[in-house]
Amino acid sequence: MTDVTKSSGASQGGSILSSGLDDILEPSPGSLMRKRIFGHTGLVIGGGVLLIILLMAILAPVISPGDPYDQDLSRKLIPPVWHESAKVTWDHPLGTDLLGRDYMTRIFYGARISLLIGFAAMMISGLIGTTLGVLAGYFGGKVDMVVNFIITTRLSLPVVLVALAVVSLIGSSLTVVIWVLGLLIWDRFAVVMRSATQQVRGLDFVAAAQSLGCSTRHIILSEIMPNVANHLIVIATIEMAHAILLEAALSFLGLGVQPPDPSWGLMIAEAKGMLFFDAWLITIPGVALFALVLSINLLGDGMRDVTAPENRN
Amino acid sequence: MIHFALKRLGVAVLVALTVSILSFSMVYLSGDPALALAGEGASEQDIENVRRVYGFERPIVVQYGDWLVRALQGNLGHSNYLKADVASVVFERLPTTMLLGACALAFALILSIPLGVVAAIRPNSMIDRFALTVAMIGQAMPSFWFALTLMLWFGLNWRLLPISGTASWQHFVMPSIALGYYVTPAVMRLTRAGMLEVLSSDYIRTARAKGLRPMTVLFKHALRNAIIPVVSLSAVQFGFMLGGSIVIETIFAINGLGFLVWESILRADVPMMQAIVLVLSIIYILLTFLADLLNGFLDPRIRVS
Amino acid sequence: MTERILEVENLTIDIPVPSGILHAVQDISIHVDRGETLCIVGESGCGKSLTSLAIMDLLPKKAIRQAARLELADESIFGISERRMSDIRGNRMSMIFQEPMTSLNPAYTIGDQLTEALRRHRKVSRGEAKDRAVFLLEKVGITAAASRLGQYPHQLSGGLRQRVMIAMALMCGPDLIIADEPTTALDVTIQAQILHLLAELQREFNMGLILITHDLGVVARIADRIAVMYAGQIVETGSAAQIFTEPLHPYTRGLLDCIPIPGKTQRGAHLGAIPGIVPSLVGQMPGCHFASRCPLVDDHCLAGAVPLFDHRDTNRSIRCLRADNEDTQKISQEGVA
């Protein structure tokens, strides 16, 4: 071969094409799951950060420098240790709040509340949404119509507003917040499970189970559910993050977790007035919330890539 | 198209009716509404009077029917706290919130659509990674914390923008960013995914095989198709933002519907709460209905069939 | 005096994949004259579609294209800017794709999609472009052509859409049309009509036509010359008459055995099948690509790369060490049959 000039073909200029040759270009399925998991930066970071926060929450009584409820007005508003202030002390690495409570301790205990509410609300919404979605997807027809209608109705209700109104009318407590959030944010579960079930329902092994005379309950639990479970995990992470953010917003507006409990959203609300003087009071719980939600989202995204890499993008 | 529109309209009306039942039943959430209205320490006689004046002794269905008929006539009740007609207060505050929502949506679209398009043209490039990171951060940032942080830097440290009120357009900048930022990830991801799908489609190859200029291929042939789902998402997100404005309005002291509902909740002003839930839900239903129509209009496969 | 429309010399396409480099197309040389139909034949995955995309410079981004010569009417179109290439695409050469159902943009009318290429490449008014579109729609056998202009792709059947695609390719009066399996996605009854139409139009407009297909029945009817591809290489080229009457390469023979020939194939007789599978094209492959499936294979075949030999018949070449030998032909005919 003489005079071969090299050109990267269509990649010159504003090329935007990828043709139907992707099947040849895709990596072979030989890559191992473990390699996928540990090769996925987002998943590792997300999982790592979440694990740290989880440990913070579980070990809060052991690792906390103080008690989350102990007030000491003589030691109020001590800045965290990186501040250049005479008041700074390693007794309170993250300083103290307006009432002199140790901020690090309250952050640790706040993790418990966020995780508890996020997880419980997600479980409730997951149960409701999955049931509705799978039923609609499996049975189709009238059931599907009704479920669709319920989803549409739910979506038309403004979540924050309804949650606030209901919590204020019933009276706020941890349980009420969990239930209200759980009853409000099942829509994504329902929507995703519905379409996932519709896809699986059309597959041969479901038809095979039906022709073998398996009961509907058996088909849904043993044939459908295992095959839509990977979607479920991803939505679960999204909704858990969603619930955590909603709880924080509710608490920030004074209608979620009530004082003196250390919710991160509430801590930001309590320090709102000090924004221009002691911004770290707001920055620290804000960063904590951000880190928690980000890590859950990263974990969810990573799991989606790892369990169903063909669904990327 | 007409058939399609009528079907959607029918569903929209049904949903609106269901929502009205839900917001009507809010009165009963706290238990006996007469007891709540009469206030603590009211005598048995007082409570009985309240019950009769407000008609709480009638069957619930009758009460709801009555409430609905009045609501359809534009009478959303009377606020005992503000001593004013609920409907007129709500519609006085609504434009401010709509304006805020529109500004926030505009901000979100201006930021996210170009980012999504560029990310899709160069998947896995620096820009794509940057866009995905922006989306990731946006989804994880609590809006109230973001708002306070904006306030701290732009309002106090750099003194670039006013921190509260609605006196000038500058007052709307930070609230719009704080409200709109939360929407950008969803719009960006959808634009990116849509563009990626469309760009790998056969008709884009056809367009390129015709020798069309890259810009024509990108905007006329690709974006036109990828943008259709973004339109409905935008309408949905606009509805969410109206509901979410409660957080932003309270932080920036914007005298809109969100601020009003927060005040009403603190005052346990139930008719006001009911009215706002109802109005926002119906606006949302209208928006999604319009988005469906617009979708049908943009997609010839629905429009011409 | 024939006029050379397309000259491709030593075209190679490599695609990096996770497990190495996929040598999708290796050392392909083809040419097309004005008024001539070249059929590229081969099974799926042999690189024939990539070859056509490479000529149009429409390969996927990842693919690396190399060539010693790539000329359209004596003018090099290799390594030129995307801008200059886009002036040529749809203008002097155009392409018809396999999937008429998805190859038209659902958002625009037929008229819009037909006229835009002409308006891109020529200074014509909207009205003139429309007239040309109607003229060509009638040419491709679409009735009520004028009223079709306002219709959307989803309102047309697959066959009609492919006719529209053909009209679209003809809009600028190209010198060369590349049709990549234009009938594969269509009903059998429509397939014949579309092919007939293509052949007719090619004659009428005196263009060069490259038809890519895996269907030898199609080839027999309209090809002037044939290039048979296997695993990224051309294994045999020659005139249609040469290839059909005297196939030389064992793969070509295998292919021809797979199709029934009216009058020749006995009712109830077994049709041939080629044993084995196509080898992976990732990484280097020593020896003949067809070796693993070939009835004639011997040690020489596996020793090193097999070049494309010129055959003693004019304009004919073959990539086989064994087939051109009288003895082996005898053996192979027995072996294959």
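Chain B gives 18 residues and chain C gives 25 residues to the contact between them. Two residues are in contact here if their C-beta atoms, placed from the backbone, lie within 7 Å. On the side of chain B that touches chain C, helix H10 (202–209), helix H11 (214–252) and helix H14 (300–303) of chain B each supply at least two residues. Helices (H or I, at least four residues) and strands (E, at least two) are DSSP runs, numbered from the N terminus. H10(B) gives the most to this side, with seven residues. By class, the side of chain B that touches chain C has six nonpolar, five polar and seven charged residues. Ala, Val, Leu, Ile, Met, Phe, Trp, Tyr, Cys and Pro count as nonpolar, Asp, Glu, Lys and Arg as charged, and the others, Gly among them, as polar.

This is a predicted model, in which local features need pLDDT of at least 70, side-chain atom pairs count only at pLDDT 80 or more, and totals for chains, interfaces and linings use all residues. Residues are numbered from 1 along each chain as its sequence is written, while chains are lettered from A and ligands numbered from 1 in the order in which they are written.

**Confidence in chain A**

The pLDDT is the predictor's confidence in each residue, from 0 to 100. Chain A averages a pLDDT of 83, and 87% of the residues score at least 70. Residues 1–30 of chain A have a pLDDT below 50. In the model, this stretch has 60 contacts beyond near neighbours in sequence. Where pLDDT is low, the predicted coordinates should not be read in detail.

**Chain A against chain B**

Here 41 residues of chain A are in contact with 48 residues of chain B. Helix H6 (141–156), helix H7 (159–170), helix H11 (216–252) and helix H13 (280–307) of chain A are the elements that give two or more residues to the side of chain A that touches chain B. H7(A) supplies the largest share of that side, ten residues. The side of chain A that touches chain B divides into 29 nonpolar, eleven polar and one charged residues.

**Inside chain A**

H11(A) and H13(A) also pack on each other. Their axes are 9 Å apart, at an angle of about 170°. Axes are lines fitted to C-alpha atoms, for helices over the stretch in contact, and angles run from 0 to 180 degrees between N-to-C directions. That angle makes H11(A) roughly antiparallel to H13(A); the term applies to angles over 145 degrees. From H11(A), the residues making the contact include A:Asn230, A:Ile233, A:Val234 and A:Thr237. From H13(A), they include A:Leu289, A:Leu292, A:Val293 and A:Arg304. The residues of this contact divide into 14 nonpolar, five polar and one charged.

What is the peptide bond from A:Pro259 to A:Pro260, cis or trans? The bond is cis, with omega near 5°. A:Pro260 lies in the loop between H11 and helix H12 (264–270) of chain A.

**Domains of chains B and C**

In chain B, the contact takes 14 residues from domain 1 and 13 residues from domain 2. Helix H1 (residues 2–25) of chain B gives the largest share of the domain 1 side, eleven residues. That side of domain 1 of chain B has eleven nonpolar, two polar and one charged residues.

In chain C, eleven residues of domain 1 are in contact with seven residues of domain 2. Strand E2 (20–33) and helix H8 (216–222) of chain C each supply at least two residues of the domain 1 side. The largest share, five residues, comes from E2(C). This side of domain 1 of chain C divides into five nonpolar, five polar and one charged residues.

C:Asp27 is in strand E2 of chain C. Its phi is near 60°, a positive value in a residue other than glycine.

**Overall form of chain C**

Chain C has twelve helices and 13 strands. Its radius of gyration is 21 Å, close to the 20 Å that the globule rule gives for 337 residues, so chain C is as compact as a globular protein of that length. The radius is taken over C-alpha atoms, and the rule is 2.2 Å times the number of residues to the power 0.38. Along the principal axes, the C-alpha atoms of chain C fill a box of roughly 65 × 50 × 45 Å.

Definitions and conventions: Angles under 35 degrees count as roughly parallel, over 145 as roughly antiparallel, 65 to 115 as roughly perpendicular and the rest as oblique.
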